[in-house]
Amino acid sequence: MKKYAAYGIGNAMVDIIIELSDADLSQLNIPKGSARIIEESESKKFFERFKNHPKKIVSGGSTANTFAALGHLGIPCLYCGCVGNDEFGDLFEKQLIDEGVTVRLARSQHNTGHVFTFVTPDGQRSFAGCFGAAREIHKGLVTEEDVEQCAVIYIEGYLLEHEAGRESAIKAMDLGKRFGAKTALDIGSPHLIAAIHRDLKTILKTYVDILFLNEDEAKEFTGQEGDNAVQMLRHLVKLVILKLGDKGSLVCSEDSSVSIPCFYVKPLDTTGAGDLFAAGFLYGLAKGKTPERAAHIGSYVASKIVTVLGGRLEKNIKNDVEEFLKTI
């Protein structure tokens with residue numbers, strides 16, 4: 001038995017969540033539903049522009065959201081990343097520790113990475129992200145002692161966009177392979193696929209056992225849709241989890257494809273829905289459930305996050321999930 005159910009490595013970010021009208025969003029040069037990378041100079045202008053606007057500030061980052069939920073659910077896990085020597089960095093570390101996550105955080109002289117998340121009345125999200133210290137992560141943070149104690153290595157696709165992150169991820173996956181851990185990857189963005197398609201294909205074929213992606217990402221990667229896309233992905237990865245939004249998900253192995261329904265709720269903000277789906281899925285695996293049953297848990301946990309602002313749970317759902325576990 002491994003000490004940790006999962007080892008996660010990702011871009012350590014803080015979310016600055018602002019509710020805006022469609023008209024106000026149109027003034028920001030951010031197409032609705034899109035994401036844009038900004039430098040610290042533009043970030044300062046955003047802080048100034050919205051200094052008197054109501055906002056919610058909470059730790060974020062794809063892997064960190066997943067692991068905060070895992071810790072919240074009582075699953076031992078370890079997170080690795082890099083933050084700045086600032087208040088956001090302190091907040092990021094404290095909120096993970098408060099959820100029971102073991103952390104390995106480097107500190108950088110750059111500001112902690114942050115994302116302005118603009119939420120319109122229909123729950124749609126638009127992003128402006130400044131990576132800052134997150135991109136100062138380095139492979140020296142990834143140690144044999146840590147990885148050897150973990151059953152699953154979990155990587156967010158965003159980490160693969162920059163060289164230092166890619167080197168760190170590959171080291172973690174390489175060590176995981178040596179120590180018999182499974183590797184799970186959540187691609188996270190069609191843009192990532194366009195940027196590093198060749199490298200990503202090699203990573204999938206060499207390391208990845210479990211792949212999380214949505215329909216847009218599957219189409220971008222394969223050039224195909226639906227079952228045709230899944231069939232191509234199956235040649236690279238043993239287990240493909242295709243997220244279909246309010247249509248649920250598909251759990252696709254080498255010889256089967258099982259449809260999993262979603263748990264419909266009226267969404268306030270879809271930030272973190274995919275991250276919490278992954279948390280529920282990893283929770284299921286840690287409890288010895290089949291991938292299909294784990295995906296049911298993923299759908300249930302994801303339904304709990306879309307009714308709040310941000311990618312972190314606001315109330316304790318551990319007992320709810322344990323009761324749900326008895327029904328599947």
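**Entry 1: the model.** I'm working from a predicted model.

**Entry 2: the sheet.** I started with the strands. Nine of them make up an open sheet, and I wrote down the order as E6-E5-E1-E9-E10-E11-E12-E13-E14. The pairing in this sheet is mixed. Next I looked for the edges: strand E6 (102-108) and strand E14 (257-260) each pair on one side only. I also noted the twist, which averages 20 degrees from one strand to the next.

**Entry 3: one pair up close.** I picked strand E12, residues 239-243, and strand E13, residues 249-252. They pair in the antiparallel sense, with four bridges. Which residue of E13 is the bridge partner of Leu242? I found Leu250 there.

**Entry 4: two helices crossing.** Then I turned to helix H7 (residues 190-207) and helix H8 (residues 215-222). How do their axes cross? They come within 9 Å of each other, at roughly 65 degrees. I put the crossing of H7 and H8 down as right-handed. On the H7 side, the contact is made by Pro190, Ile193, Ala194, His197, Leu200, Lys201 and Leu204. H8 brings in Asp216, Glu217, Glu220 and Phe221. Sorting this H7 and H8 contact by class, I get six nonpolar residues, one polar and four charged.

Note on methods
Residues numbered from 1 in each chain as written. Predicted model: local features only at pLDDT ≥ 70, side-chain atom pairs only at ≥ 80, totals over all residues. Heavy atoms only, no water. Pairing = 2+ DSSP bridges. Axes fitted to C-alpha atoms, helices over the stretch in contact; angles between N-to-C directions. Left-handed = near helix turned anticlockwise from the far one by under 90°. Contact = heavy atoms within 4.5 Å. Nonpolar A, V, L, I, M, F, W, Y, C, P; charged D, E, K, R; others polar.
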